[in-house]
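Walk through this structure with me. We start at a metal site and end at a helix.

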Amino acid sequence: MTDVEFCNETSVLGRKWAIKDRIEGPKIDGIDPIVVSVAASRGFDATRFFAPTLHEEMPDPSIMKGMDEAVKAFCDAVIAGRKIAVYGDYDVDGATSTSMMIRWLRLMGNNAIFYIPDRLKEGYGPNEGAIRRLHAEEGIEFLLFLDCGTVAHKQLAVARDLGMEVVVIDHHDQNDQDPPAILVNPKRRDETGDYAYLCTAGLVFVFLVAVQREMRLRSFFNDERPAVSLQNWLGIVALGTVCDIVPLRGLNRAYVHLGLPKMGEIPGIKALTIANGDPEYNERTCGFVFGPCINAEGRIGDTRSGTMLLSTDDMDEAHDIAQKLVETNKERQEMTKAAQTAAVEIAVTTMQAYNTVVIYNEDWHPGIVGIVASKVKDAVNKPTVIIGSGGTGSCRSVTGYDIGADIRAAMSAGMLHKGGGHAMAAGLHVDPERVPELLEFLSARSAGFVHPPKEIDLAIPCGRVSPELIDAMMQLRPFGTDNPQPRVVIHGGYVSKVTVMKELHVKVMIAGRYGSNEAVIWNAIGTPLGDALRQSDDKFVDVYGTARVDTYGGKRKPVLIIEDAMIKENEDEMVVAA
Ligand SMILES: [Mn+2]
């Protein structure tokens, strides 16, 4: 397998390609051995991968630090009928986590309220003013922070000093101090890290399992107030897990695998589906349709809407909120589109000489800078920082480059008001006057970065890609972080026909020893790759991308969606003929 030779050494996009080492997997009924080996090569236990169960993947909740203490405090509060507030976050993980807690408390007869901070006025995480209001105006006695709070020591201390009991369930990194609260966080310094891949929605599910176990021991449930069938909420957990872009392995894979088919059971998600023209429930629609709608208001409107949608069982209310969210999402998409077009334009022109792209525009809403940064990063394949009004910025990186380290360095150099994040994504707050300086600083740091080779899951000789093979690969779904759609290379062919469609898309027919395969690239005229393929007639070509089955015209045929290509001049036609 690894002795495949490509027709060139460097791709049109300037990259090397590397075929992943293949590990043979075990024999599994009904699964193509090639597909099993792709899963095994990705480090998955293939015997559990294709039909994951909660039974196999869920740990005993008590192995998590702080869990037993948090469960006890929470159950005490529920049994005593104390006033509880769930303080969440405005993203999808926050809305899914908060809605499950509110649902459970409501079913138990507790009149809990929830609070989602205002992204623009209050920002992320526990907010002192809000905590004081929850105490003074709502009489809150028990405060449960979800998806935030791990490092908010000062604010948590305020809550505690006001006499409130404080529990934090979160998955954000900890610093070197312990918060003045009960903390459940798989990234706690004293944790093993085994479950650090969970998002807060996934943690809340584990927490509720533990809470129900405790409540059974305390004989809390009865005929009027039965325990909840938590499995019915797996659709909510799946949505949070996909949208928080956590690795889809272990328990996360089980959540999403089991949760996607159950999403329609949640009234709010059902209403959102109807408002969006009935797309199917899969990891793509979670990430690109449902998620963006749920946090659309969190970005540019009323941050409570997403949680309200996911926690209501009133179908009329669900329809109203869903309608509003879809409209806000359209508005957000339009704002984003204009900013994206402008930013990509700047990135390919004035920023061309820089290794890191840094663009500031006072007119861009801070709620969209992350989406714009992703788009620009994809377009120019460089670490990207997009800064919007007031100097609030978002950073996105390319595979193999740690932008979080750069932001921490800029912070230490005194260039930023605020900054932090991970290898692939970070955030910052900068004085707009210092943006030019930041550009020079970040660009100097990323100079000399060499992109790692593009990994190939399957290299297939031209003519050998079949609809059956592509169908079989779909058994690896749901795709996501740590389990992306397999990247396929079709090699050993030459281009027998080029078709340009609508002056936008390029389709190539590739012929080889075993037959022909078709490959296409969308919206690519005017890009280096699209233009190179347009002029590839009669040349040797290896194409890299994802495979899918095209059913156009009632016939099923395999098509490769091109992401990169190796192209070589075909100087001797006899080579092809032979
Ligand atoms: Mn989260």
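The paragraphs below take the metal site, then the helix.

This is a predicted model, in which local features need pLDDT of at least 70, side-chain atom pairs count only at pLDDT 80 or more, and totals for chains, interfaces and linings use all residues. Numbering runs from 1 along each chain as its sequence is written, and side-chain values use heavy atoms, with hydrogens and water left out.

Take the manganese ion. Its protein donors are D93 (OD), D147 (OD), H171 (NE2) and D244 (OD), at 2.2 to 2.5 Å. Donors here are N, O and S atoms within 2.8 Å of the metal (3.2 Å for Na, K and Ca); water is not among the atoms, so sites may look incomplete. Along the chain the donors are spaced D-x53-D-x23-H-x72-D. D147 and D244 link distant parts of the chain, 97 residues apart. D147 sits in the loop between β4 (142–146) and α7 (153–161), D244 in the loop between α9 (234–243) and α10 (250–259). Helices (H or I, at least four residues) and strands (E, at least two) are DSSP runs, numbered from the N terminus.

Is D147 buried or exposed? D147 is buried, at 0% relative accessibility. Buried means under 20% relative accessible area, exposed over 50%, partly exposed in between (1.4 Å probe, protein chains only).

Now helix α6, residues 128–138. Its buried residues are A130, I131 and L134. They lie on the same side of α6, because they cover an arc of only 105° around the axis, taken from the directions from the helix axis to the C-beta atoms. A136 and E137 are exposed on the other side. Just after α6, G139 has a positive phi of about 65°.
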